Structure formats: structure tokens, C-alpha cells
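Hi everyone, thanks for coming. I'd like to walk you through a structure this morning, so please have a look at it while I talk.

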Amino acid sequence: MGEGEGSAAGWSSLAPLVMGTFVVAVEGSILTGVLPRVSADLGLSASGGGQALAVYPLVCVVGAPAASVLMGGRSQRAVCTFGLLLFAFGNLVTAASTGLGMLVAGRLVSALGACCYQPGAAARAVRLGPRRRGRALSVLASGLTMATIVGAPLGVWASSVVTWRQILVLLAVLAVIVALVQRSGRLPDGALAAAGMRERAAFLGDRRLLSVVALSFVVVAGEFVVYAYLSLVAGHVGGHESATVARTLMVFGVGTTLGTIVGGAAVDALGWRTVLVGSMSGMTLCLFLLPLAHTEALLCAVLLGWGLAGWSFTPAQTCRLLETFPDHGPMLLTFNASAVALGVSGGGLLGGWALGAVGVARLPLVAGTTVALALCVHLLQPRTAPSRAAGSPRDSATADA
């Protein structure tokens, strides 16, 4: 991609891609919020319904690389359109579910649609130009952040007005609309990097790639030790009043939104290396301070700081990957997406174990220690050259592994 490529398209051209990211991400959060209704309607236990919803992130672990292989060499715009339409079909299957098998099938199809859409959307977003790469990816990620923040409460509210099946039909309609709008957008089109499974497997022996995806897995897992049980932690630390917990979680949501946006701008201005170290340092500090924040004001300050630091991690990691592998970065983003999905699942499992073993009060210490160890290992790694010179203004000279 040339320096000026994508200059004719403005920031508004990212709006359909952001909306698409929001739609494919918000479905899972909404279903989490209405899980009791879904389980009751289908005659499932709460655990059975929860396991059906867990299909989505697990499919993303293997589905993202596989979908990228199948879609390699095809138009980015066409891949995004296909992904959204497949996602919409999966939602219709889920909405028509009469039992566990159909529910799982619908979730599987929706997850495959998301696996097709997300790499294509990221590849299109960076076509705004290399000097706007970090901000473009952050703007795109804001759709995911907003879905995480509003999904569950939106589902609970909407289910009081319409049924959960009607919510999924509405999401399917939105996905189709976004697919059509983004297809006619101003962003220049291009082909997704084409590579077979054998070529992708060859990258698994590259120490630089392994260091990126391993760091994503460990840091995300560390965060989700607390994030998966955040309402419990906030209630334990700041008081169990529901209003207090709601306010503090809202502040955390503001922090994550700011972190996503500010993180991308910081990557463009300072380089991914500086932002990456600052992000992990900030996360570690805030997680260790969380058990000490016994007033609502302190709790809000710590959660705001954690959201700001933690959600600037992904833009830095994404730009690191794109710079280290400029010819294959968009293709290899699927490996990082799989690492993040594994981190989400692994962090929830580790948090569940820690909750029973050491109690809710010590969950932030487990999380903080995990992120701190990841930071130490990262700082001890030697710097290596990228595949070829490219990337952000500050980091273009060298790229870290």
C-alpha cells in the first residue's frame, strides 16, 4: 500500500465497517444478557444455554485462520459482504431454534460469518493510509468496545419489549443493511492476502509471530480473570449496592472507549512499542490498586485507568503485527484474533478457578501478576528487524519481535 493510498477516503468511510464490527460483536453480548429467557424458551438448563453461547468464541479460534485461507485472494469488499450475510443467516437459524442442536448450529454459522468479516474489515480500514493505520484500527475496534459495553444491558432492555428471537431477526436485518452500505463505500478495494494452510503453518515457527500471539493470549487472559467477574469484584471492593456497581461499570466502559480511540492516536504519534509497554504497565498498576479502592471515587478512578490502559493494547499489538510482517500482516491478524479468543476463554476459566481458590478479593492480584509477568518477558526480548521496512513514523526503523 502506498503512502497516499486511501487518501481520497475520509474517516467517515469507516462508519459502515465500524457498524459491521458492532453488529457481529453485539450479538454475543445481547444473548448473554437474555440467556435465562433463551434457556427457558428452549427448555435448557442455564449451563446448557451458556455452553451453546460459548460455541461462538471457540469457533473463532480455528475459524478465523481457516476462513482467511478460503477467502485469500478475493476482494476485501466482497469478503466483508459475504461475512455479514453469513452472519445474518446464522442469526436467522438461531432465532428459529427449537432446541440445543439448532441453537448451536446457528451460533456456529454466525461465528463463521464473523470470522470472514473481521479480517476483511481490518484490511480495508488500514487502506486509509499507513500514517493513519493506528487510528483507523482503533476506530474500527470502537465497534467492538461499544458492543461489549452496551450489549448485555441492551439485550435485557430489548427483551422486555420484544422477544429474543425478534432481537436476532433485527440484528440479521442490520447485518444485511450494513453489508450493502459498506459494499458501496469510498474505501479503495484490494485482495486479501492469499496463502494456503501450509504457508500459514510455516509462520508458526517464526519467533516474531509467536511472541506477538503469545503476548496477546497472556495479557487478554490476565485481564479477563477480573473482567469476566467484574461486577462481583466491583461489588466486593466498592460496596454491594447495585447503583454503585452500575456507576462504576459505566465509568469502566468510558475508559475502554477512550483507550480504544486514544490508543490508536498514540500509536500513530509515538509508535506501537511505546504504547505497548505503557499499556501493560498501566494495566498492571491499576489491577494491583483495584483491591485498595474502597471508595466509589477511587474505584471509578482505577477502573477508568484500567480501561484506558487495557484497551490501548490491541491497537498497539495490531500495528506491531502489521509492521513486523508488512507483506502478510492482514493474513496473520487471524492468528492474533485466535489468541485473543483463547485469552478470553482462558481468562474466564482461570478466574473461575481463582474465585474458588483464593476468593473474589484476590482476583485482581492474580490478574495483575499475570500481566506483569507478560510485561517482563516482553521487555527481555531482543529486537529484530521486520520482513521489510514499512510502518508507522516512529517505529519504521526497527520492529520488535
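Predicted model: local features only at pLDDT ≥ 70, side-chain atom pairs only at ≥ 80, totals over all residues.

The protein has an average pLDDT of 79, and 77% of the residues reach at least 70. Which elements have the lowest and the highest mean pLDDT? The lowest belongs to strand β2, residues 399-400, with a mean of 41, while helix α13 has the highest, at 95.

Two stretches call for some caution. Over residues 1-7 the pLDDT stays under 50, and the model gives them 17 contacts beyond four places in sequence. Residues 388-401 also stay under 50. For that stretch the model has 50 contacts beyond four places in sequence.

Helix α13 covers residues 272-289, and it packs with helix α14, residues 296-310. Their axes are 8 Å apart, and the angle is about 155 degrees. Anything over 145 counts as roughly antiparallel, so that is how α13 and α14 run relative to each other. Their crossing is left-handed. Who makes the contact? From α13 we have Ser 279, Gly 282, Met 283, Cys 286, Leu 287 and Leu 289, and from α14 Val 302, Gly 305, Trp 306, Ala 309 and Gly 310. By class, that contact has seven nonpolar residues, four polar ones and no charged ones.

On to the second pair. Helix α10, residues 207-227, packs with helix α17, residues 363-380, at an angle of about 165 degrees, and the axes are 7 Å apart. These two are therefore roughly antiparallel to each other as well, and α10 passes α17 in a left-handed crossing. On the α10 side, the residues are Leu 215, Val 218, Val 219, Gly 222, Glu 223, Val 225 and Val 226. They meet α17 residues including Leu 363, Pro 364, Val 366 and His 378. The class count for this contact is 11 nonpolar, three polar and one charged.

Last topic: the rings. How many aromatic pairs does a search of the whole structure find? The search finds five. One of them is Phe 224 with Tyr 227, an edge-to-face pair at 4.8 Å centre to centre, with 65 degrees between the planes. Both sit in helix α10, and because they are three residues apart, about one helical turn separates them.

That's my tour, and I'm happy to take questions.

Notes:
Residues numbered from 1 in each chain as written. Heavy atoms only, no water. Axes fitted to C-alpha atoms, helices over the stretch in contact; angles between N-to-C directions. Helix = DSSP H or I, 4+ residues; strand = E, 2+ residues; numbered from the N terminus. Parallel < 35°, antiparallel > 145°, perpendicular 65-115°, else oblique. Left-handed = near helix turned anticlockwise from the far one by under 90°. Contact = heavy atoms within 4.5 Å. Nonpolar A, V, L, I, M, F, W, Y, C, P; charged D, E, K, R; others polar. pLDDT = per-residue confidence, 0-100. Phe/Tyr/Trp six-rings, centres within 6.5 Å; stacked < 30°, edge-to-face > 60°.
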